[in-house]
Amino acid sequence: MTIFAENIFLCIAVPMVVSLFFTRGDVRRYVAAFFLGMGVCLVAAYVGGFLGMVANLEANDTSIFISPVVEEAMKFLTLLFFMVLFSPEDQVLTMLAVSIGTGFATFENSCHILTTGAGSLPYILIRGFSVGIMHVASMLALAIWLIVAKRLKAFTFSAVIGGLSLAMIFHALYNLLVSEPGITMQIGYLMPSLAAALLYFLHRKLPSLLED
Amino acid sequence: MFSGHPERIINLVMACAFFFVLLQAIKLLHSKKHFLTIVFFVFAISCGLLSTLYWGVYEFLRPETRMPFAANELCEWALFLLYASSLRAVFPKSASFEKKIIPVALFAAANVVLWIAWSGEWVQDILTGLSMGWFLCVITSCLCLTCALSTAEWVGAGTVSFLLILGQSLTFFTPEPVSGALDKGCSTLLLVAMLWLILKTVWTLKKEKQVQKGLSLSYAAFAWGAVFMYMSGGTAYMIASMLTVSCYFLMLWAIKEEVAEG
């Protein structure tokens, strides 16, 4: 089934943009970053699709090999843009990262559900707990890494590439695992939730680790 | 699951080794000494672990199928850069220029030419070469700073590197029995140099108790292992992989000693 992703984007984005005029502070930042996350998802789909076509890859291969690299790079660039331009506090940076990831996941899931249908509740739940959480977890991990690098005065090219490559390989591994039915698919579906749980503890422990 | 697929066993061993080293390195974070070095090391090992898992899963799901685009290659580039950063955190003066860096950079460039000739993947090979070249330059600088190698050993290392590049280049222009013999000769040379580096690292850390020297040697052993792996196929590749795995433990050992020394 053909969907028109730009139309879906407009439909979801318009009320969000309007809501920006009536909100302030963190709520406004969250909504704006959420909106940006959706936009990044739309652009990443175009770029990924284009690169897949240039490399002569099928849709499944594009999602395994190209999408993780393009999607994570674009999400990361958005966060890096915020960080370099506005130098936000650690807490704000984390919130922005989570919000971009959530916006990205929401838009991707909306388009996916429109394509495949939303009849099966178990599948919808699995989708929400896997892809949905995966984008949030990868962005949270990137935010934590950026905070650590900034605090340790090690915000170097190596640090940036290191963090980005970890997010990419995590995403690529997930896409590869769920590409075939069987035990690998089940492991793949569990991976984002496990990563999110680990990151939750790391995020709580981070201030004590970075003391001194 | 593993029968007839030795590469799967190697992947599993590598993943287990990465996981163990990662856990041990995370424990070291609590000591708060050399925090930056350990943070970079933990990230590098995480890159290695996820990259190995990616390869393992790919081999399992799509055996004997060539990857159209290896998403884990970026992890390998990051791994070299992060290892270089972790070493530079111990030796901040490693940014200073040493004359020995010139032949090392040429060696890295020659490796890139060989990889391109073997695989035809221009972009990936050049980017891998750049990150690995930087890593080799940082190691060279650290080896000079710590006086880890004597003049004779530097000359020996240069000769081996030159012979390797010459031998591998000649395999393109010689017929089958000769090129096979040249390839085996190069693998033997790589293996001997690798074993020598590992033994020298162990000797330096255990007998001489010179931690910083041992640290730079352990990173050099790992870098040589990477050169060995990228230059080999079949059985030689498997031996190189196993020896490189042992280097992770050597690096961890050296970092532990450095942390203990404060």
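Which helices of chain A are included in what covers the buried residues of H2(A)? The points below take up this question first and then turn to other parts of this predicted model.

1. Covering of H2(A). Helix H1 (5–20), helix H3 (59–86) and helix H4 (90–116) of chain A are included in what covers the buried residues of H2(A). Those buried residues are A:Ala33, A:Phe34, A:Phe35, A:Leu36, A:Gly37, A:Met38, A:Val40, A:Cys41, A:Ala44, A:Gly48 and A:Gly52.

2. Length and end of H2(A). A:Asn56, which follows H2(A), has a positive phi, near 60°.

3. Crossing of H5(A) and H7(A). The axes of helix H5 (residues 121–151) and helix H7 (residues 183–209), both of chain A, come within 8 Å and cross at roughly 35°, and the crossing in which H5(A) passes H7(A) is left-handed. On the side of H5(A), the residues that make the contact include A:Ile126, A:Phe129, A:Ile133, A:Leu140 and A:Ile144, while H7(A) brings, among them, A:Tyr189, A:Pro192, A:Leu199, A:His203 and A:Leu206. When the residues of this contact are divided by kind, 16 are nonpolar, three are polar and none is charged.

4. Overall form of chain B. Taken along the principal axes, the box that the C-alpha atoms of chain B fill is roughly 55 × 45 × 35 Å.

5. Burial and contacts within chain B. Of its 262 residues, 45% count as buried. Where contacts in chain B between residues at least 6 apart in sequence are considered, 74% of them join residues at least 24 apart.

6. Contact between the chains. The contact takes 28 residues from chain A and 27 residues from chain B. On the side of chain B that touches chain A, helix H2 (35–61) and helix H3 (73–90) of chain B are the elements that give two or more residues, and H2(B) gives the most, with 13 residues. This side of chain B divides into 22 nonpolar residues, four polar and one charged.

Notes:
Residues numbered from 1 in each chain as written. Chains lettered and ligands numbered in written order. Predicted model: local features only at pLDDT ≥ 70, side-chain atom pairs only at ≥ 80, totals over all residues. Contact = placed C-beta atoms within 7 Å. Helix = DSSP H or I, 4+ residues; strand = E, 2+ residues; numbered from the N terminus. Nonpolar A, V, L, I, M, F, W, Y, C, P; charged D, E, K, R; others polar. Buried ≥ 20, exposed ≤ 12 C-beta atoms within 10 Å, placed from the backbone. Axes fitted to C-alpha atoms, helices over the stretch in contact; angles between N-to-C directions. Left-handed = near helix turned anticlockwise from the far one by under 90°.
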